[in-house]
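This report examines selected features of one protein chain. Please keep the sequence and the structure in view while reading.

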Amino acid sequence: MYPVSSTFLKTLATSHTMLAKVDVYFNGQIKVANLPFDSGSVTVDRGSKTRRTISLTVSDPKYMPWLETDQLAPYGQQLVASRGIRYSNGSEEWVPLGTFRLNEPGGDVHFGPISVTGASMECAVIDDKLLSPTTTRGYGGCVDAIEALIRQTIPLATIVNRTSGARNPPCAVATWDAGSDRWDAVQQIARAMSAEIYVDAQNRFVVVDLPDVINGTVAWDIAEGEGGTLISSTRSMPRTGVYNCIVASGENAASGVAPVSGFAKDLEPTSPTRWEGPFGRVTKFISSALWISAADCTSAAEYALFDATAPNVQTSLDSLPNPALEGNDIIRLIHAGRKERYLVQSLTIPLTADGAFAMALRGGKEEAA
């Protein structure tokens with residue numbers, strides 16, 4: 001979660017003045033300060049290749065782009081969004097929501113409105129396909145290889161290693177063909193070190209450990225009742241996205257070793273998703289050229305199994321939104337006489353006071369109420 005003051009979090013549960021702004025930049029220079037918009041939201045999705053997206057509705061047709069250098073043209077223009085609170089003493093506290101490459105403006109040229117969408121800067125790396133065969137050979141660690149691949153696209157990118165102990169394990173030799181997706185290569189390297197990478201609200205490429213819902217630190221409590229931010233909640237629990245067996249495989253011609261594989265099954269006798277139990281057999285296959293031993297594959301499968309067996313709980317909350325939340329934060333939901341830990345899988349943060357706040361959660365551990 002983005003670091004905010006305790007006052008900010010307490011104020012979310014009380015009556016307050018909500019603030020939001022979107023500025024437009026081009027080539028590092030501000031083009032429009034505080035772009036006027038009628039509605040909009042920022043979506044943070046841990047399951048998407050681009051972690052953050054924005055959508056806006058701009059009513060004034062004067063912002064319709066006609067030239068490549070116009071404010072809302074999709075030729076490198078960026079939207080920088082923030083949401084905040086104005087306190088009763090007049091002071092303000094702001095939370096960044098992301099920097100977005102503007103992608104597809106459009107609307108009625110005479111009357112508007114203009115629909116505007118954008119995506120966080122993973123999209124630049126995705127677009128920059130590898131022009132020639134590329135290898136990790138020569139890089140001492142996984143993070144070194146990640147940094148090289150990203151900075152070939154964005155030379156001044158800020159890359160932060162927030163894994164425990166700033167881990168940078170040795171990187172196996174892997175090669176990607178010309179035309180391969182550069183961001184896929186980056187994600188494969190992160191996965192090989194049991195981590196994930198995304199662009200955060202401060203426009204940084206962040207490498208983090210895979211989240212641990214059971215043992216990780218709770219970022220925020222969402223509670224009903226006096227002093228809480230939860231008004232109401234609905235819940236569904238689809239089977240989609242839940243697996244009880246992970247098979248990991250590695251095939252790496254550059255390493256000169258034979259293909260390898262490993263697996264992990266949910267064998268916990270009391271688990272509702274246990275292998276050979278009433279849930280049935282549901283297998284997910286994953287692969288990486290950076291897994292060059294059976295031990296690598298087994299370790300990767302074990303890491304992936306925890307997330308795969310977590311209940312895919314879809315929870316809709318009627319709550320005052322917390323814009324500081326990130327897509328891999330752990331929250332504690334206190335409702336219906338229960339305390340439950342969840343991983344934030346996705347959330348939509350409105351940019352207007354009447355916008356809807358939505359969250360999708362992956363289930364973790366129930367605590368004593």
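This is a predicted model: local features need pLDDT of at least 70, side-chain atom pairs count only at pLDDT 80 or more; totals for chains, interfaces and linings use all residues.

Leaving aside residues up to four places away in sequence, Arg-51 touches several residues, among them Thr-43, Ser-120, Glu-196, Tyr-198, Glu-326 and Asn-328.

## Salt bridges

Side chains of opposite charge can pair when their charged atoms come close. The count of salt bridges in the model comes to 14. One of them joins Arg-46 to Glu-196, with the closest N and O atoms 3.3 Å apart. Arg-46 belongs to the loop between β3 and β4, whereas Glu-196 belongs to strand β12, so this pair ties together parts that are 150 residues apart in sequence. Both Arg-46 and Glu-196 are buried.

A salt bridge also forms between Arg-101 and Asp-127, where the closest N and O atoms are 2.8 Å apart. This pair links distant parts of the chain, because Arg-101 is in strand β6 (residues 92-102) and Asp-127 is in helix α2, 26 residues apart. With a relative accessible area of 48%, Asp-127 is partly exposed. In the pair of Arg-204 and Asp-200, the closest N and O atoms are 2.8 Å apart. Arg-204 counts as partly exposed at 23% relative accessibility, while Asp-200 counts as buried at 6%. Elsewhere, salt bridges that share partners join Arg-46, Arg-51, Arg-52, Glu-196 and Glu-326 into one network.

## Helix α4

Which residues of helix α4 are buried? In this helix, which spans residues 182-192, they are Arg-182, Trp-183, Ala-185, Val-186, Ile-189 and Ala-190. These residues cover an arc of only 160° around the axis, and therefore lie on the same side of α4. An α-helix has 3.6 residues a turn, so residues three or four places apart point the same way. The cover over the buried residues of α4 includes the helices α2 (122-127) and α3 (142-151), together with the strands β11 (175-176), β12 (195-199) and β13 (205-209).

The N-terminal end of α4 is capped by Asp-181, which has a side-chain oxygen 2.8 Å from the backbone nitrogen of Trp-183. After α4 comes Ser-194, which has a positive phi, near 55°.

## Gln-152

Gln-152 is found in the loop between α3 and β10 (159-161). Is Gln-152 buried or partly exposed? Its relative accessibility is 47%, so Gln-152 counts as partly exposed.

When residues up to four places away in sequence are not counted, Gln-152 touches Asp-128, Tyr-139 and Arg-182. With Arg-182 there is a polar contact between the two side chains, at 2.7 Å. Gln-152 and Gly-112 are 40 residues apart in sequence, and their C-alpha atoms are 39 Å apart in space.

Val-109 lies in the loop between β7 (106-107) and β8 (114-119). The relative accessible area of Val-109 is 39%, so Val-109 is partly exposed. A residue needs over 30% relative accessible area to belong to a patch, and Val-109, at 39%, therefore passes this cut-off.

Conventions: Residues are numbered from 1 along each chain as its sequence is written. Side-chain values use heavy atoms; hydrogens and water are left out. Helices (H or I, at least four residues) and strands (E, at least two) are DSSP runs, numbered from the N terminus. Buried means under 20% relative accessible area, exposed over 50%, partly exposed in between (1.4 Å probe, protein chains only). The arc is that of the directions from the helix axis to the C-beta atoms. Contact means heavy atoms within 4.5 Å. A polar contact is a pair of N or O atoms within 3.5 Å; within protein, one must be able to donate a hydrogen and the other to accept it, and residues adjacent in sequence count only if both atoms are side-chain atoms. A salt bridge is a side-chain nitrogen of Lys or Arg within 4 Å of a carboxyl oxygen of Asp or Glu.
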